[in-house]
Amino acid sequence: MEFVDILGYVAGLLTTLTFLPQVIKTVKEKSAKDVSLNMFLIAAANQVLWVIYGVLKKDLVIIMTNVLILVLSLTMIFLKLKFGRTTASSSGTL
């Protein structure tokens, strides 16, 4: 594997990790009240286009990075729809 490939994989991993803290926080708090649904809808559409681009270019780094981010974006969309208007403190428990 060449240096440029390693660089691409590391950059892709770091890019993917940018979405992970929000997913973890939302799952942990069971609240997505302050999360922008539109941001994640745009991100998901963007990732679909990048995956298509990566497939057409036969670039595994682009494909893998954007598939992972797409999964995280779709997860956040699901969580926003599930927890969007609720917070852990307003669930009715004391």
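Which residues does Gln-47 touch, not counting residues up to four places away in sequence? In this predicted model, the partners of Gln-47 are Asn-66, Ile-69, Leu-70 and Ser-73. Gln-47 itself sits in helix H3, which spans residues 37-57. With a relative accessible area of 5%, Gln-47 is buried, because buried residues are those under 20%.

The pairing of H3 with helix H4 gives these contacts their setting. Two packed helices are described by the angle between their axes and the distance between the axes. For H3 and H4 (residues 60-83), the axes come within 8 Å and cross at roughly 155°. Angles over 145 degrees count as roughly antiparallel, and H3 and H4 are therefore roughly antiparallel to each other. The crossing of H3 past H4 is left-handed. On the H3 side, the contact is made by Leu-37, Phe-40, Leu-41, Ala-43, Ala-44, Gln-47, Val-48, Trp-50, Val-51, Tyr-53, Gly-54 and Val-55. H4 answers with Ile-62, Ile-63, Asn-66, Val-67, Ile-69, Leu-70, Ser-73, Leu-74, Met-76, Ile-77, Lys-80 and Leu-81. Sorted by class, this H3 and H4 contact holds 19 nonpolar, 4 polar and 1 charged residues.

H4 also meets helix H1 (residues 3-17). Here the axes come within 9 Å and cross at roughly 10°. Since angles under 35 degrees count as roughly parallel, H1 and H4 are described as roughly parallel to each other. From H1, the contact takes in Asp-5, Gly-8, Tyr-9, Gly-12, Thr-15 and Thr-16. Facing them in H4 are Leu-60, Val-61, Met-64, Thr-65, Leu-68, Ile-69 and Leu-72. The class count for the contact of H1 with H4 is 7 nonpolar, 5 polar and 1 charged residues. Leu-14 is another residue found in H1. Its relative accessible area is 53%, so Leu-14 is exposed. Between the C-alpha atoms of Leu-14 and Leu-72, which are 58 residues apart along the chain, the separation is 13 Å.

Helix H2 (residues 20-29) brings a further pairing with H4, in which the axes come within 10 Å and cross at roughly 25°. H2 and H4 are therefore roughly parallel to each other, and their crossing is left-handed. Leu-20, Gln-22, Val-23, Thr-26 and Val-27 are the H2 residues that meet H4. Their counterparts in H4 are Leu-72, Thr-75, Met-76, Leu-79 and Phe-83. This contact of H2 with H4 divides into 7 nonpolar, 3 polar and no charged residues.

In soluble globular proteins, nonpolar side chains tend to be buried together. The largest nonpolar core in this model has 14 residues, and those touching the most other members are Phe-19, Val-23, Val-35, Phe-40, Met-76 and Leu-79. H3 and H4 are the elements that give two or more residues to this core, and H4 gives the most, with 7 residues.

Phe-40, placed in H3, is buried, with a relative accessible area of 6%. Beyond its neighbours within four places in sequence, Phe-40 is in contact with Phe-19, Gln-22, Val-35, Ser-73, Met-76 and Ile-77. Phe-19, in turn, touches Phe-40, Ala-43, Ile-69, Leu-72 and Ser-73, again not counting residues up to four places away in sequence. As for spacing, the C-alpha atoms of Phe-40 and Glu-29, 11 residues apart along the chain, are separated by 18 Å.

Lys-30, in the loop between H2 and H3, has a positive phi of about 50° although it is not a glycine. Lys-58 lies in the loop between H3 and H4. Its phi is also positive, at about 55°, and Lys-58 is likewise not a glycine. Lys-58 has a relative accessible area of 75% and is exposed.

Methods. Residues numbered from 1 in each chain as written. Predicted model: local features only at pLDDT ≥ 70, side-chain atom pairs only at ≥ 80, totals over all residues. Heavy atoms only, no water. Helix = DSSP H or I, 4+ residues; strand = E, 2+ residues; numbered from the N terminus. Buried < 20%, exposed > 50% of the residue type's maximum accessible area, 1.4 Å probe, protein only. Contact = heavy atoms within 4.5 Å. Axes fitted to C-alpha atoms, helices over the stretch in contact; angles between N-to-C directions. Parallel < 35°, antiparallel > 145°, perpendicular 65-115°, else oblique. Left-handed = near helix turned anticlockwise from the far one by under 90°. Nonpolar A, V, L, I, M, F, W, Y, C, P; charged D, E, K, R; others polar. Core = buried A, V, L, I, M, F, W, Y, C linked by side-chain atoms within 4.5 Å.
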